[in-house]
Amino acid sequence: MSGLRLMAVHAHPDDESSKGAATTARYAAEGHDVLVVTLTGGERGDILNPAMDIPGVHERIRDVRREEMAEAARILGVQQTWLGFEDSGLPEGDPLPPLPDGCFALVPLEVSTEALVKVVREFKPHVITTYDERGGYPHPDHIRCHEVSMEAWEAAGDPERFPDAGEPWTPLKLYYSHGFIRKRMQLFHDWFIDRGEESPFVDWLKRWDGQRDEIMGRITTQVTVGDYFEQRDDALRAHATQIDPNGSFFAVPLDVQRKLWPTEEFELARTRVKTSLPETDLFAGIEETDK
């Protein structure tokens, strides 16, 4: 099978490299068309790498994030496009402050849906990946990403909706990408402990939200992508303002990851084709005639 199309919908630049990146790299390498859609510019993201918290970066953060995204897409071998909305930021405090005027999370759903539908109709994906109803984590842009993706899934093939957004196209499958899995983190934690080493996951496991413990019960599809872990990590490092190269993302040696957990996980949320669960391929059930 070759020449099918996968669209990965993400909230910010860097999300495509931390969520399902090895999967997109694998499908691109196998000859499929892969498009990352980045909904916002990531303008309000904090600079999380101390080496990049320097004069000149804050002042041109919009351009920096675009440059980082271009390099990450090159490394993954994927296409990428911007939807053009403004990062909402992650509100903090009690009570939470209001979201900034004009930000993505406050844009009327019909407006952002039409923008995504236009890209769906242009690219004609067979498969779409996005976030679950909790957004993967409760960032307002991630939750809105889920809402917009689900609306676009329903609307893209309907000729009566958004008639100015192009010829209708009906995607065949939609998945939620699940990256933060407690079982996976526990395996890596135990590997460090068994070797008598300090685990970088101690605090993460202590703070773990109990609701997330059930995520593995929702997984329908595990894609083997160990051969693409280097590309995933290199793409993540390309987002230098967001990722500390000395951080816990890179603590587990790649050969250990390939041995203990060589897959990325997805949940089949919607399908218009027949498939058998569990799956090992996002394109399972899609025939050549569906091109």
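1. What is the order of the 7 strands in the open sheet? In this predicted model, where local features need pLDDT of at least 70, side-chain atom pairs count only at pLDDT 80 or more, and totals for chains, interfaces and linings use all residues, the order is E3-E2-E1-E4-E5-E7-E6, with mixed pairing. Residues are numbered from 1 along each chain as its sequence is written, and side-chain values use heavy atoms, with hydrogens and water left out. Helices (H or I, at least four residues) and strands (E, at least two) are DSSP runs numbered from the N terminus, and two strands pair if DSSP finds at least two bridges between them.

2. The edges of the sheet are strand E3 (79-85) and strand E6 (221-224), each of which pairs on one side only. Ignoring direction, neighbouring strands are turned by 30 degrees against each other on average. Strand E1 (residues 5-10) pairs with strand E2 (residues 33-40) in the parallel sense over 6 bridges, and Arg5 has Asp33 in E2 as its bridge partner.

3. Helix H3 packs on this sheet, touching E2 and E3 (contact means heavy atoms within 4.5 Å), and its direction makes about 155 degrees with that of E3. Axes here are lines fitted to C-alpha atoms, for helices over the stretch in contact, and angles run from 0 to 180 degrees between N-to-C directions.

4. The axes of H3 (residues 61-76) and helix H8 (residues 229-238) come within 8 Å and cross at roughly 170 degrees, which makes H3 roughly antiparallel to H8 (the term covers angles over 145 degrees). Glu68, Glu71, Ala72, Ile75 and Leu76 of H3 meet Gln231, Arg232, Asp234, Ala235 and Ala238 of H8. By class, this contact has 5 nonpolar, 1 polar and 4 charged residues.

5. The whole structure holds 3 cavities of 30 Å³ or more; a cavity is a set of points, on a 1 Å grid over the protein atoms alone, where a 1.4 Å probe fits but cannot get out, and lining residues have an atom within 4 Å of a point. The largest cavity has about 440 Å³ of space and is lined by 26 residues, with Ser18, Gly179, Arg184, Arg232 and Phe249 nearest its centre. H8 gives the largest share of that lining, 4 residues, and the lining divides into 11 nonpolar, 9 polar and 6 charged residues.

6. For the second largest cavity, the volume is about 190 Å³, and of its 14 lining residues Gly136, Ser177, His178, Gly179 and Phe180 lie nearest the centre.

Conventions: Angles under 35 degrees count as roughly parallel, over 145 as roughly antiparallel, 65 to 115 as roughly perpendicular and the rest as oblique. Ala, Val, Leu, Ile, Met, Phe, Trp, Tyr, Cys and Pro count as nonpolar, Asp, Glu, Lys and Arg as charged, and the others, Gly among them, as polar. On a 1 Å grid over the protein atoms alone, a cavity is a set of points where a 1.4 Å probe fits but cannot get out, and a pocket is an open set with protein on both sides within 12 Å along at least five of seven lines; lining residues have an atom within 4 Å of a point. Grid points are joined across faces, edges and corners, and a volume is the space filled by probe spheres set on the points.
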